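Let's learn to read a protein model together, one feature at a time. Here is the structure we will talk about.

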Amino acid sequence: MLALALPGVTEADHHGRPSFRLGTTVLATLWAPGILNVMVGESEARAAEGGAVSLLWWGKRLSGVQVDLAAADEAAVADLLEEAWTRRAPARLRRDRP
């Protein structure tokens, strides 16, 4: 999985679903087979929307994007995961990232 290639990211259970975390923060969750929820900021979510990527709402709050992995471009998924990681990674991890 692309998420596990990011520094400090681990896989853990999230309400019976695999999630990818940085520390205790969920960066992405495999919501259903082939559907990945990625927690990015509002501007990144709106920029990515379209095609295989839809907005992810938690109540009235935009919390990220939902990606149809079968239809998504791998590079686009990698970019979204990188964005989620960058939002949450401590300065020391971001500084050491090439």
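**Reading the core and its surroundings**

A: The largest nonpolar core here has 23 residues, and V38, V65, L81 and W85 have the most contacts inside it. This is a predicted model, in which local features need pLDDT of at least 70 and side-chain atom pairs count only at pLDDT 80 or more, while totals for chains, interfaces and linings use all residues. Residues are numbered from 1 along each chain as its sequence is written, and side-chain values use heavy atoms, with hydrogens and water left out.

Q: How do I read the words "nonpolar core" and "buried"?

A: A nonpolar core is a set of buried Ala, Val, Leu, Ile, Met, Phe, Trp, Tyr and Cys residues joined through side-chain atoms within 4.5 Å. Buried means under 20% relative accessible area, exposed means over 50%, and partly exposed lies in between (1.4 Å probe, protein chains only).

Q: Which elements give two or more residues to this core?

A: Helices (H or I, at least four residues) and strands (E, at least two) are DSSP runs, numbered from the N terminus. Here the elements giving two or more residues to the core are β2 (17–22), β3 (25–32), β4 (35–38), β5 (53–58), β6 (61–68) and α2 (74–88). With 5 residues, α2 gives the most to this core.

Q: What is L81 in contact with?

A: Contact means heavy atoms within 4.5 Å. If we leave aside neighbours within four places in sequence, L81 is in contact with L2, A3, L6, A28, L36 and V38.

Q: Where does N37 lie, and is N37 buried or exposed?

A: N37 lies in strand β4 and, at 4% relative accessibility, counts as buried. Its side chain makes a polar contact with the side chain of Q66, at 2.9 Å. A polar contact is a pair of N or O atoms within 3.5 Å; within protein, one must be able to donate a hydrogen and the other to accept it, and residues adjacent in sequence count only if both atoms are side-chain atoms. Leaving aside neighbours within four places in sequence, the contacts of N37 include L27, W31, V65 and Q66.

Q: What does S63 touch?

A: S63 is found in strand β6 and counts as buried, at 12% relative accessibility. Not counting residues up to four places away in sequence, S63 touches V38, M39, V40, L56, W57 and W58.

Q: How many residues apart in sequence are S54 and Q66?

A: S54 and Q66 are 12 residues apart in sequence, and their C-alpha atoms are 5.3 Å apart in space. S54 has its place in strand β5 and is partly exposed, with a relative accessible area of 34%. Not counting residues up to four places away in sequence, S54 touches G64, V65 and Q66.

Q: How many salt bridges does the count come to?

A: A salt bridge is a side-chain nitrogen of Lys or Arg within 4 Å of a carboxyl oxygen of Asp or Glu. By this rule the count comes to 1 salt bridge. E42 forms a salt bridge with R46, and the closest N and O atoms are 3.1 Å apart. Because E42 and R46 are 4 residues apart in helix α1 (residues 42–48), about one helical turn separates them. E42 is partly exposed at 46% relative accessibility, and R46 is partly exposed with a relative accessible area of 42%.

Q: Where is the place of E44?

A: E44 has its place in helix α1. The side chains of E44 and S43 are joined by a polar contact of 3.3 Å.

Q: What sits over the ring of W31?

A: A charge sits over a ring if NZ of Lys or CZ of Arg is within 6 Å of the ring centre and within 35 degrees of the ring normal. In this model, the charged end of R17 sits over the ring of W31, 3.7 Å from its centre.

Q: Where is H15 found, and is H15 buried or exposed?

A: H15 is found in the loop between β1 (9–14) and β2. H15 is exposed, with a relative accessible area of 69%. Although H15 is not a glycine, it has a positive phi of about 55°.
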